[in-house]
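Okay everyone, let's get going.

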Amino acid sequence: MDRFKIVAVFIFLLFHSLISHAQKPNIIMIMTDDQGYMDVGFNGNQKIKTPNMDKLASMGLVFDRFYSAGPVCSPTRASYITGRNPLRMGIGNANEGHMKVEEITLAELLKQQGYATGHFGKWHLGTLTKETKDGNRGGRPGQEEHYSLPSMHGYDTYFCSESKVATYDPLKVPEEFEAGESLRYGWKAIGEGRPSKAYGTYYWVGEE
């Protein structure tokens, strides 16, 4: 074996040793609805205050040329966790299709490397129940085929909703809206004495 081959083999073994013994970094991916590139402090916004996200950005990596694969929720999520074009998975729009078990997700790949995985918040990649009327599609006739839990796709733990979640008092909506309020654009926090009703969306942590 000539000197070049010996050096090449040594470098390969050294690199492999470093990688195999390196501490695995924690990975936190935060996805927010309807938030633009300039809606955070670490990208230069001086009016909207995002100190916690700014701190996280300063401690990690910022992908400033990372583009969304779709203009709405479901296809964006589908593409992010698989790396595939959402149309190829049948998820071309919000509340359309579902994440199929044949797809290989980031969570599944990370589990193979010894990671514990979790999904918290909005799932929006299928229904989370076949029995309870929930969100936009859950528990409704004809939607059973779209039943797709995070645990079917590599997530050990989850606490999530099928789709939309109200910002304040997440599981409540006022019985009557005041001036300037609406179901679409929001309402004031529900205080004591203000009549309210169920919002129609639940958080799920397991099968049914």
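**A walk through the model**

Let's start in the middle. Met-99 touches Ala-78, Ile-81, Thr-82, Met-89, Ile-91, Trp-123, Leu-125, Ser-148 and His-153, leaving aside residues up to four places away in sequence; a contact here means heavy atoms within 4.5 Å.

Before I go on, a word on where this comes from. This is a predicted model, where local features need pLDDT of at least 70 and side-chain atom pairs count only at pLDDT 80 or more, while totals for chains, interfaces and linings use all residues. Residues are numbered from 1 along each chain as its sequence is written, and side-chain values use heavy atoms, with hydrogens and water left out.

Now the overall layout. The protein has four helices and four strands, and along the sequence they follow the pattern α-α-α-α-β-β-β-β. These are DSSP runs numbered from the N terminus: helices are H or I with at least four residues, strands are E with at least two. Of the 208 residues, 30% are buried. Buried means under 20% relative accessible area, exposed means over 50%, and partly exposed is in between, using a 1.4 Å probe and protein chains only.

Back to Met-99. Which residues have the most contacts inside the largest nonpolar core? They are Ala-78, Met-99, Trp-123, Leu-125 and Leu-128, in a core of 15 residues. Helix H3 (73-82) and S2 each supply at least two residues of this core. By a nonpolar core I mean buried Ala, Val, Leu, Ile, Met, Phe, Trp, Tyr and Cys residues joined through side-chain atoms within 4.5 Å. In soluble globular proteins, nonpolar side chains tend to be buried together.

Next, His-146. You'll find it in the loop between strand S1 (118-122) and strand S2 (157-161). Is His-146 buried or exposed? At 14% relative accessibility, His-146 counts as buried. Its contacts, again not counting residues up to four places away in sequence, are Gly-97, His-98, Gly-126, Thr-127 and Arg-137.

On to charges. There are four salt bridges, meaning a side-chain nitrogen of Lys or Arg within 4 Å of a carboxyl oxygen of Asp or Glu. One of them pairs Lys-111 with Asp-156, with the closest N and O atoms 2.5 Å apart. That pair links distant parts of the chain: Lys-111 sits in helix H4 and Asp-156 in the loop between S1 and S2, 45 residues apart. Lys-111 is partly exposed at 37%, and Asp-156 is partly exposed at 41%.

Another joins Arg-194 and Glu-181, where the closest N and O atoms are 2.6 Å apart. Both lie in the loop between S3 and S4, so the pair ties together parts that are 13 residues apart in sequence. Here Arg-194 is buried at 17% relative accessibility, and Glu-181 is buried at 12%.

What about cysteines? The disulfide count is zero, a disulfide being a pair of cysteine sulfur atoms within 2.5 Å. Cys-73 is buried at 18% relative accessibility, and Cys-160 is buried at 0%.

Last stop, the backbone. Most residues other than glycine have a negative phi, and most peptide bonds are trans. Asn-95, though not a glycine, has a positive phi of about 60°. Asn-95 lies in the loop between H3 and helix H4 (106-112), and Asn-95 is partly exposed at 29%.
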